[in-house]
Amino acid sequence: MRLLYVAILSSLILFTLSPTQEPSYGMNSVLLKVGMQDEPKTLNPFKASDVWTWNVIGYFYESLYAYKPLTFEVIPWVADGYPEFSDDYKEAIVHIKRGIKWEDGTELTAHDVVFTAKIMMEFKIPRYWSSWEFVESVEALDNYTVKFKLKECRVTFMEGTLMSIIVQKKKWEKIVDEAKRSEDPFNYLTEYKNEKPISAGPFVFGEWKRGSYIFIKRNPNYYFSGYKFNYTFQTLEEMREFLSSRPGLEQYADFEEKKITLTIGPFVDGILYKIYRTTDAAILALDKGDIDYIWWPIQPGYVKLLKENENVSMISTPENGIRYLAFNLRKDPFRIKEFRQAMAYLIDKHFIRDRILQGLGEYLCTVVPPGNKAWYNPNVKCYGDEGQGMSRAERVRKAVELLKKAGFSWEVEPRIEGDRIIPGKGLIMPNGEKVPEFDILTPPADYDPLRFETSRRIQEWWREVGVPVTAQPTSFATITQRVFKEWNFDVYVLGWRLSLLPDYLRDFFHSSQIIKDGYNPMGYYNPELDKLADEFVACGPREEKVKIAYRLQEIIAEDLPYIPLYSQSNIEAFRTDRFKGWFSQGLGSISASISYLKPVNTTTSEVSEQGGEKGIGYESYIWALISILAISLVTTLAWRRNRR
Amino acid sequence: MSLATYIIKRTIQIAITLFVVITILFFLFRVMPGDPTAFLLDPKMSPEAKEIIRKQFGLDKPLYVQYVLYVRNVLKGDFGTSFYYGVPVFERIKELLPNTLLLWVPAILLSYFIGINVGRRIAWKRGSKEEYIMIVLGLFFLGMPIFWFGMIMIWLFYHELGIFPAGGMMTPELWLDPSTPLWKKVADIVYHLLLPIITLSIGGFAGSMLLMRNSMLDTLREDYITTARAKGLKESVIRDKHAARNAMLPIVTAMSISLAFSAGGGVLTETIFSWPGLGREIVQAVLNYDYPLAQAAFFYISVIVLFANLVADVLYAYLDPRIKY
Amino acid sequence: MRFRDSWETFRRSRVGPIGLMILLVFVLMAVSGPIYVYIRGEEIYHPLKGVDPVIKGVSPPSIRHPLGTDHLGRDLLAQLMYGAQTSFLIGITAAAMAVFIGTSVGLTAGYFGGAIDNLLMRIVDIMMVLPGLPLIIITAAAIGKQSIWIIVFLIAILGWAGTARVIRSQTLSLRERPFVEAARVAGASDTRIIFKHIAPNVLPLTTLYLTLGIPGVIITEAAISFLGLGDPSKVSWGMMLQWAFTTGNTYNPYWLFPPGLCITLMALAFYLIGRGMEEIINPRLREI
């Protein structure tokens, strides 16, 4: 028996001594290693709907138009120039650049565009359907010209329809034919596995080992390789101002020329996505240098740990998203506007920003996040949060005043003595009934504890004026079920990830969305908003759109079907010792910089290439095997001896 | 009753249990809120588009029709299509099942190996300091939340000492290299297995250790031990040849019971170590509201447990000559 | 005196008293939680609602906060103490419920035998082999509303089978004892025999299973919380760990170690007490 212990102990020591080395890259190349929390679901772009999938297959498909990095202007991409509209905006002609190639060498032509468009329209691909339902027909006039006929023109034509992906006709033709002949065409098409995607983008598909990793290679024939985005400035101040909200961008700046230039690569030979289910494991891997970038936001608690590593940097960028609280306007007292406004006064958004978000984010007064500068209206009503923000006592006073004006009363009225608030009890509605107890449905703390903390504070604040409310942790699926399908709720807190174009102002608040599965479960109806929102989504000059968007935000801030709460800033962590050039666009993820990254020092990778034989701590495997063998051998011996 | 009839009888019992499992699962998941569209909360996704997706999964049919369909399909081995991955569930399970067995079987064997050996030792040295320390230590590890322990293990052995990988099943760089020979790939997987196995075994050996100890103590009172002692046999021979062998029998039964319990540890360990197995998948599927997959994962975890039970029972019957089926 | 004998055996088990001592510390901790918060001021030190005007986020131990603060500047010591309360509460409730169900089933099956026994034991067989944690995970998710009492209920519902089996075999042997026979002859009803004559005799075993059940509940609750299916409106040690994990403080030792160690030690305490009790109940384990 003693032998057994000795064996275990000694093999453990052997293990500890065994050399572990920087792994080689397996291939003679410079790979960007990215940590992801989940792997793609599928390689079929008509099925894919989650971020993990698009993080990978997004590199395979180009679109006619695209957002210019940093400024988010719409620019022609595969298209050559802007579309030529007919006078009534019902027809548009789009030209296509010559010489864009698929990875198999065939050219991307108008036929591919038309073919993809037909898939979108005939199969009603859910992810794109809202951008295509108003398109009547698409045809190729020649190899490089496409004509779109529209039932009506919507703003999403440019920033939706013309930004849809393009797939290769040659590859998909057969599949689509088979799908059409099958019993359930939609099913057939979306179930297609697409194990060998054809790419026209910066990367092509390499290899996928389910559950462990996925690998994509640089596309050597990428049309846009070397394409430059230029940004010039009048003055240095203007340039510095521009850079200040976009950390990391100064690496691309030329201060003498007052110019910023982004050159499309990719300058890496491939991207290796590794799957880490827990952020903890990913953080440790980043710290150790096993990955270069974690493609999801990390929690502020890790900052301290990572700061100690000089090769790791972090950038925090505002997300293009909002967290909000919404009321069921079909019910009392939520249907009363003054009630909602009073409740808004009671929510101390400064507290939420400083305490709960720890400064990593911004409180919101309107549903358009401030980072979306083109559409954000900075001058809407903010219920006690303008400037420094009101004190608690002032908030309660204001809320009580509003409630009284609307005809509310109390069993015990809340009082304010100096700074102290004596909470009220038994709020009575204008119709004489007591406000019933109700819940704020909130997603639990599974991956984002902040939402629940926010709700629980709101619960405390509202209770001060005698509102009998409880923050109720409820699973996400239950909330969506009760809110969007059953309308069986009082108040809920959820979030949205948003698009740049704020057509969601219509989606969330237009009365046509008061349907099952619609996005206006509150039952909010304001004829003025409906009319403006309809105007907003129709095609027209941009300046006018901005004006309407501003007005829409004002109406929403006055009526408060939503109380916008906050918008988070996402911290992203990356290593700087192997690649340089990470930057923030001022909104969204820094993953957008992957196309511009440059290897810091190619020699390091060459060294490890040559060291293929001794790289990867093969020794540790050998040691592992030897130790296992040793353990089993010695144990068997010990076992035998004991039995004798 | 012969061994064969016994096995048949047990198999029927297992079949009934599985049927109960299927039924519970079906109703649990159908009353569960959310469906494949739950995570598609995106203003770009119109109600009409959502309905298209729902139809694809047959969720527009009434509940009892769904149930009959479901049972029929399960009997055919078809668990439907995963909401999340969009592939037939069995395709996922097929990939995950071997991985789970690869982790669980050695872990359970190792934990029993440690438990039985330490157990018979401390029973023999009843009242010694060693017994005392091992009991307290074993129970300490048993009381430890395994996910917490696992995180500490990763931090220590991956981050601080750099001996073991952070998790997962393979080193992508190694597998990507076409020149890597097979043995290195095998070694790579073994290398990734070690830390989770050690974690699981340390967290679980106390159960079998205490069982073995108690069983040994029982056995030591038997007449034949006294006889053996009287015959003047060597102590170690009595301990290992006479006492331990007989004391093993109740352990085998206990093993079959504790397997259901070990499944919990397995689920958490897989989650912490990013091990692509059934346990991690069940957690992931539940969080994704992917009920076909969660059902199937649970079903197969139950199958593993039940099968292991059957093996343990048959083993018991085989080992113990006193048993008449 | 029986009690003194038992205590002597318990004491001589050596592990029992240690368990009792650890447990005593936790009881003290649970009791002093509210006192600590009251003395130092509810405004700042409340484990959930506390707002410290000076310390706004994570901080290491200090005089102001002996164990440091969490991501919202709340006192970790207060949370730890309230966590002890929660652990006792849920541990004892769930284990008691499970043992109650198990004992009832075991008594019924063992006493009446025949078809009832057969049916109940088949159910027990099924319950025994269901993988508990995965089933709790999916059931908790199916229910949707995340409340600690639902978790307690689930643990209890899925955890009674072991007790039932043991109590049944005990009842089987008790049923044949002379005193039960005598009662039956005297015309006592089944209910009376079960409650008056058999139940008191299985009580020690029931207590043992109760003790050994509690750690399982505490660990399971922690695991459920860790997976994100717990109740964030109650402070429990599992929830404290979940907060540490979801805010990126996994490797912050001041936050990671106390709750984990508390879970471990409390579980250990109950296990040790259980060992001690086993020596009393099962004389065959006593030292020769």
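The legends below describe close-up views of a predicted model.

Local features are given where pLDDT is at least 70 and side-chain atom pairs only at pLDDT 80 or more, while totals for chains, interfaces and linings use all residues. Residues are numbered from 1 along each chain as its sequence is written, chains are lettered from A and ligands numbered from 1 in the order in which they are written, and side-chain values use heavy atoms, without hydrogens and water.

**View 1. An open sheet of three strands in chain A.**
Strands (E, at least two residues) and helices (H or I, at least four) are DSSP runs, numbered from the N terminus. Two strands pair if DSSP finds at least two bridges between them. Strands of a sheet pair through backbone hydrogen bonds, either parallel or antiparallel. Here the order is E10-E12-E11 in chain A, and the pairing is antiparallel. Strand E10 (228-232) and strand E11 (253-254) of chain A are the edge strands, each pairing on one side only. E11(A) is joined by two bridges to strand E12 (residues 259-263) of chain A. Across from A:Ala253 stands A:Ile260 in E12(A).

**View 2. Helix H7 of chain A against the strands.**
Helix H7 (residues 236-244) of chain A lies across E11 and E12 of chain A. Contact means heavy atoms within 4.5 Å. The helix runs at about 45° to E12(A). Axes are lines fitted to C-alpha atoms, for helices over the stretch in contact, and angles run from 0 to 180 degrees between N-to-C directions.

**View 3. The disulfide of A:Cys153 and A:Cys539.**
A disulfide is counted where two cysteine sulfur atoms lie within 2.5 Å. In this pair the sulfur atoms are 1.7 Å apart. The link of A:Cys153 and A:Cys539 is left-handed, with -65° about the S-S bond. A:Cys153 sits in the loop between strand E7 (145-150) and helix H5 (169-181) of chain A, and A:Cys539 in the loop between helix H16 (527-537) and helix H17 (542-559) of chain A, 386 residues apart. Buried means under 20% relative accessible area, exposed over 50%, and partly exposed in between (1.4 Å probe, protein chains only). A:Cys153 is buried at 10%, whereas A:Cys539 is partly exposed at 23%.

**View 4. The disulfide of A:Cys365 and A:Cys382.**
The S to S distance is 2.0 Å. The torsion about the S-S bond of A:Cys365 and A:Cys382 is about -80°, so this disulfide is left-handed. A:Cys365 is buried at 18% relative accessible area, and A:Cys382 is buried at 2%.
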